[in-house]
Amino acid sequence: MEKPYYLLYPIRVALITSRHGARENVMTAAWCFPISMDPPLFGVSVSKKRFSYGLISKGKAFGINLIDASMKSHAIQAGRTSGAEKDKFAEFGIEKEYGKLGIPLVKKSPSSIECKVVREVELGDHVVFVGEAVNIIKRREGKGLYHKGGDEFLEI
Ligand SMILES: Cc1cc2nc3c(=O)[nH]c(=O)nc-3n(C[C@H](O)[C@H](O)[C@H](O)COP(=O)(O)O)c2cc1C
C-alpha cells in the first residue's frame, strides 16, 4: 500500500523550532501529537535526515508553533528546504521570539508550546522526541492548517 499514513489525513501541521549553540532552525511537521495530560507531554516524529534532528537531540528542547491559513507559505517553505543550507527565519521572513528555554519560537504563530525533551525514541526511519511542555504561549484564536498531502492543505 502506498503511503498508508495518508489514511489518517488531513492532519494538523506545526512549525517545529530548535536550537543548539548558535544554530537555530524551523521545520514543518505533521507528525506532532499529544501524549499525556499530566505531566503534559507532546511528541514529534522527526526523520534523522532532517537538520532539525541534531539540533533537537543536542539542544534537548523544541518548540511546537501552530500554523493558521495566513502562514501556509511558511509551512511549505520550512518543509521543503533544509536549515543545513540556509537560515530559514531570515530567508523566509519568519519572525522569532524567545520564551523560557532559549529556543526560537514563531512570533506570528497563534500559539506556541515550549517543550523540554524527556525521551528520544528511535522507531523505524523516524525518531520520536517526547517533550514536556514547560511554557504555553497563546497569542490569539485561530483556525488550524491541516495537511491533506503533497502541497495541499485545508483550514479547519
Ligand atoms: C506538510 C509537511 C509536513 C511534514 N511533516 C514532517 C514530519 O512530521 N516529520 C519530519 O521529519 N519531516 C516532516 N516534513 C519534512 C520536513 O519539514 C523537511 O524535510 C524539512 O526540509 C526539514 O528541514 P530541516 O532539514 O531544516 O530540519 C514535512 C514537510 C511538509 C511540507
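Trainee: In which sense do β4 and β5 pair, and over how many bridges?

Mentor: Remember first that this model is predicted. Strands of a sheet pair through backbone hydrogen bonds, either parallel or antiparallel. Here β4 and β5 pair in the antiparallel sense, over four bridges. For a landmark, look at C32, which stands opposite V44 in β5.

Trainee: What is the strand order of the open sheet?

Mentor: Seven strands run in the order β3-β2-β6-β9-β10-β5-β4, with antiparallel pairing. The edges are β3 (23-29) and β4 (32-36), and each of them pairs on one side only. From one strand to the next, the twist averages 35°.

Trainee: Which strands does helix α1 lie across?

Mentor: Helix α1 (residues 51-59) lies across β2, β3, β5, β6, β9 and β10. Its direction is about 60° to β2. Helix α2 (residues 72-80) lies across β2 and β3, at about 115° to β3. In total, the chain has three helices and twelve strands.

Trainee: Why does a radius of gyration of 14 Å agree with a compact globule?

Mentor: A compact globule of 156 residues would have a radius near 15 Å, so the chain's 14 Å agrees. The C-alpha trace spans about 40 × 35 × 35 Å along its principal axes. Of the 156 residues, 31% count as buried.

Trainee: Where is confidence lowest, and where is it highest?

Mentor: Strand β12 (residues 152-155) is lowest, at a mean of 95. Strand β5 (residues 41-47) is highest, at 99. The mean pLDDT of the chain is 97.

Terms used:
Residues numbered from 1 in each chain as written. Predicted model: local features only at pLDDT ≥ 70, side-chain atom pairs only at ≥ 80, totals over all residues. pLDDT = per-residue confidence, 0-100. Helix = DSSP H or I, 4+ residues; strand = E, 2+ residues; numbered from the N terminus. Pairing = 2+ DSSP bridges. Axes fitted to C-alpha atoms, helices over the stretch in contact; angles between N-to-C directions. Contact = placed C-beta atoms within 7 Å. Rg over C-alpha atoms; globule rule 2.2 N^0.38 Å. Buried ≥ 20, exposed ≤ 12 C-beta atoms within 10 Å, placed from the backbone.
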